[in-house]
Amino acid sequence: MSGPLTARPPAAPYTPAVPPLLLFDIDLTLIATSGAGRTALDRAFEQVIAVPAATEGVRFDGRTDRAIITEVLERHGHPAARFAEVRDAYLAHLPAALAEKGGQVLPGVKPLLDALQRELPGIGLATGNLREGARRKLGHFGLWDCFAAGGFGDDHADRSRIVAAAIDALAAAVGVPADPASAVVIGDTPLDVAAALAAGARAVGVATGRYTEAELRAAGAGHVLPGFTDLDRALAVLLGG
């Protein structure tokens, strides 16, 4: 007759050999600024090219700041070379617009970021925002320091190139190979999803913006979350591979 069974210690949590490179969009994924970015940009265009409400009718969702500024300049007969003037004016107007508009960190975001910072050596950004615009927006809500690195809309109008730059930057920051297969882009628009897939990364949609879960799945997102209020589910999707 065999002796009593010896209790086994609980299994250690699964830790992948290479941690996933998680890259977040900003607007309507992490925060809602109540239109502060558009307000600041309209003020910048009025200052630089004397056109009020210059962004009226211009689509912002999922696009890069460079693409938006270039489109508006060209629409009003100005060369794309004036991008730097508009950029600098926009960044100057952004803090006041953020203060005026209020806005919020979206529900569940702060607990999620706190948990991911405990689980991973670093998390990153893949955003169409200018780097300094991203810093001012996230800094306004106390989130900028959550992120180790990222790709931004300063240099590229093509969002897939921003994702590729973000993968390289975050991998360098945390000391792992820059492998797109280990990267996950989290965003609220079909353009976020498309950029992730074009860069060889996986895409997780989050239906916290203007697009439905069905629209994000149709764009090719491997997973879609309704939001981040279910922390366990969000962590399972983002860390589960």
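Ala-36 lies in helix α1; helices are DSSP runs of H or I with at least four residues, strands are runs of E with at least two, and both are numbered from the N terminus. The model is predicted, so local features need pLDDT of at least 70 and side-chain atom pairs count only at pLDDT 80 or more, while totals for chains, interfaces and linings use all residues. Residues are numbered from 1 along each chain as its sequence is written, and side-chain values use heavy atoms, with hydrogens and water left out.

Ala-36 counts as buried, at 0% relative accessibility. Buried means under 20% relative accessible area, exposed means over 50%, and partly exposed lies in between, with a 1.4 Å probe and protein chains only. Ala-36 is in contact with Leu-94, Ala-97, Leu-98 and Lys-101, leaving aside neighbours within four places in sequence. A contact means heavy atoms within 4.5 Å. Lys-101 is 65 residues from Ala-36 along the chain, yet their C-alpha atoms are separated by 5.9 Å.

Thr-33 is found in the loop between β2 and α1. Thr-33 is buried too, with a relative accessible area of 8%. Apart from residues up to four places away in sequence, Thr-33 touches Asp-27, Leu-98, Lys-101, Gly-103, Lys-137 and Phe-141.

The C-alpha trace spans about 90 × 35 × 30 Å along its principal axes. Of the 241 residues, 48% count as buried. Contacts between residues at least 6 apart in sequence were examined, and 65% of them join residues at least 24 apart. The accessible surface comes to about 11,200 Å², and 53% of this belongs to carbon and sulfur atoms. Accessible areas come from the Shrake-Rupley method with a 1.4 Å probe; for residues, only the protein chains shown count as cover.

Charges were considered next. The chain has 22 positive and 27 negative charges, and their mean positions are 1 Å apart. Lys and Arg count as positive, Asp and Glu as negative, while His and the chain ends are not counted. The place of a charge is NZ of Lys, CZ of Arg, CG of Asp or CD of Glu.

Side chains of opposite charge can pair when their charged atoms come close. A salt bridge is a side-chain nitrogen of Lys or Arg within 4 Å of a carboxyl oxygen of Asp or Glu. By this rule the count is 13 salt bridges. One of them joins Glu-71 and Arg-75, at 2.9 Å from N to O. Both residues lie in helix α2 (residues 65–75), four residues apart, about one turn of the helix. Glu-71 is partly exposed, with a relative accessible area of 24%. Arg-75 is also partly exposed, at 44%. Another salt bridge links Arg-82 and Glu-85, with the closest N and O atoms 2.9 Å apart. Glu-85 is partly exposed, at 39% relative accessible area.

Asp-192 forms a salt bridge with Arg-159, and here the closest N and O atoms are 2.8 Å apart. Asp-192 lies in helix α7 (residues 190–198) and Arg-159 in helix α6 (residues 159–174), so the pair ties together parts that are 33 residues apart in sequence. Asp-192 counts as buried, at 3% relative accessibility. Arg-159 counts as buried as well, at 8%. Salt bridges that share partners join Asp-25, Arg-159 and Asp-192 into one network.

Arg-159 is also one of the residues that Thr-64 touches. Thr-64 is found in the loop between α1 (36–49) and α2. Thr-64 counts as buried, at 1% relative accessibility. A polar atom of the Thr-64 side chain lies 3.4 Å from the backbone oxygen of Ala-157.

Two loop residues have positive phi values. Leu-28, a residue other than glycine, has a phi near 65°. Leu-28 lies in the loop between β1 (21–24) and β2 (31–32). Ala-50 is not a glycine either, and its phi is about 60°. Ala-50 is found in the loop between α1 and α2. At 62% relative accessibility, Ala-50 counts as exposed.

Notes:
Polar contact = N/O pair within 3.5 Å; in protein donor to acceptor, adjacent residues only side chain to side chain.
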